[in-house]
Amino acid sequence: MPWKRLPFDGRNLSAALNIADLREVARRRVPGFVFEYVEGGAEEEATLRGNREAFAALRFAPPTLIDTEGRSLRTELLGATSNAPIAIAPTGLNGMLHPDGDIGLARAAAAFGIPYTLSTLSTTLLEDVASQAGGRLWMQLYVMKNRAIAEDIMRRAAASGFEALLFTTDANVFGSREWDRRNYLRPGRPRPRAILDTLRHPSWLTRVLLRKGVPRFRNLEAFLPPGAASAVGGSTIIPQMFAPTITWDDIAWIRQRWPRKLLIKGVLTVSDARRAADLGCDGIVLTNHGGRQLDYCLAPIEVLGEIAAAVGHRMTVLIDSGFRRGTDIAKALALGANAAMLGRAALYGLAAGGEAGVRRAIEMLALELDRVLGQLCCRSVADLGPALLRRQPPPNP
Ligand SMILES: Cc1cc2nc3c(=O)[nH]c(=O)nc-3n(C[C@H](O)[C@H](O)[C@H](O)COP(=O)(O)O)c2cc1C
């Protein structure tokens with residue numbers, strides 16, 4: 001019998017070697033409808049696939065024979081030190097994945113010394129995250145049709161010590177994640193197949209639903225009709241709350257209410273990046289929302305170089321969408337990003353093993369990045385530059 005490679009069996013968290021392995025553990029631990037909520041992209045998922053394809057098209061051209069002993073991942077992000085050029089991206093409904101939820105994610109980030117971003121749609125009150133997690137906290141803001149929600153979030157986040165606000169602009173209209181939708185007869189009403197599958201995950205059922213109750217959009221509770229604040233009830237009403245009316249004029253409106261660092265999450269063009277800088281924003285996040293919003297959207301890594309060249313000297317440039325490997329982060333830093341944000345990579349960790357799983361995810365990526373840094377003959381993240389990269393031409397059709 002020829003020797004066969006041994007693939008990861010998807011069961012044992014401690015045997016997981018990379019984010020893809022963590023994803024496999026996560027896939028087994030949570031019901032299918034929960035995994036699909038995390039995993040899926042909009043419509044044909046062309047944006048989702050494109051995020052990974054764009055990384056594959058970038059190859060390294062490494063120098064050699066340079067001493068890199070004692071190299072460091074430490075960097076400055078928004079005026080404070082971060083132990084790695086990594087931050088956790090905002091994701092809603094984290095309490096559905098594991099009872100540790102937002103606090104588990106925030107604590108893992110704090111333990112490693114990187115920032116955590118809490119979503120407006122979190123299942124933990126922002127005040128509780130601030131008091132129970134510590135570390136560097138950023139707040140993500142959706143400006144919804146009812147503007148009082150945004151005012152309330154900004155006031156409370158400022159009072160709780162959040163150091164930055166990330167205003168998400170690419171969800172003015174809610175994306176259609178069709179694979180996710182197929183798990184429901186109608187919003188909030190899972191199909192019998194999904195319910196049956198949930199019963200096959202008794203540990204999740206006990207720890208997430210029975211012990212803690214159906215997770216709720218805790219930051220919005222005061223603004224939602226009774227029953228609508230739960231993950232189940234909210235799935236009908238929340239998508240309708242997104243505001244197609246948000247514009248650049250809202251930056252001034254936010255600035256009047258938010259006294260600290262402000263970043264725009266949703267920029268993908270040089271002109272918008274310049275506009276954000278001209279309006280006094282402290283940074284931007286290049287993103288396509290992990291492929292969950294506009295389908296057939298380009299990958300942020302494809303435009304990072306030109307945007308960083310245009311505004312990198314004036315503001316912090318962050319990027320997310322598709323980051324699963326240390327090489328991905330190294331490519332982004334080489335093209336001018338200050339840091340990469342983790343969406344699903346951190347959520348796989350959370351679903352696979354709560355706070356410890358997230359810590360694992362962060363450590364894996366930091367270790368991978370450190371290894372790439374060494375192999376690229378760099379001593380620090382500042383040594384990474386565009387000369388290290390070549391873009392491969394797409395294959396002939
Ligand atoms: C399950 C899930 C929930 C998300 N919720 C939010 C959110 O509430 N606010 C937001 O600005 N972005 C949200 N995002 C987008 C992430 O912040 C980030 O842009 C995206 O996940 C990056 O892509 P990646 O998952 O491939 O890393 C969400 C993403 C996922 C996967």
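The questions below go from the overall fold to one strand and then to the ligand.

Modeller: Keep in mind that this is a predicted model.

Biologist: Why does the radius of gyration of the protein agree with a compact globule?

Modeller: A compact globule of 397 residues would have a radius of gyration near 21 Å, and the protein has 20 Å, so the two agree. The secondary structure comes to 15 helices and 14 strands.

Biologist: What makes strand β7 mostly covered?

Modeller: A residue is buried if 20 or more other C-beta atoms lie within 10 Å of its own. In β7, residues 164-168, five of five residues are buried. Ala164, Leu166 and Thr168 cover one side, and Leu165 and Phe167 the other. Across the whole protein, 49% of the 397 residues count as buried.

Biologist: How do you know that β6 and β7 pair?

Modeller: Pairing needs at least two bridges, by DSSP. Strand β6 (residues 137-141) and β7 have four, in the parallel sense. Trp138 stands opposite Ala164 in β7. The chain crosses from β6 through helix α6 (residues 147-159) to β7, a right-handed β-α-β crossover.

Biologist: What joins β7 to β10?

Modeller: Five bridges, and the strands run parallel. Thr168 stands opposite Lys265 in β10.

Biologist: Which residues come nearest to the ligand?

Modeller: Of the 24 residues around the ligand, Ala89, Gly92, Ser119, Gly290 and Gly343 come nearest. Helices α2 (32-39) and α15 (344-375) each give two or more residues to the shell.

Biologist: How does that shell divide by residue type?

Modeller: Eight are nonpolar, 12 polar and four charged. Gly counts as polar here.

Terms used. Residues numbered from 1 in each chain as written. Predicted model: local features only at pLDDT ≥ 70, side-chain atom pairs only at ≥ 80, totals over all residues. Near = placed C-beta within 6 Å. Rg over C-alpha atoms; globule rule 2.2 N^0.38 Å. Buried ≥ 20, exposed ≤ 12 C-beta atoms within 10 Å, placed from the backbone. Right-handed = clockwise from strand over helix to strand, strands pointing away.
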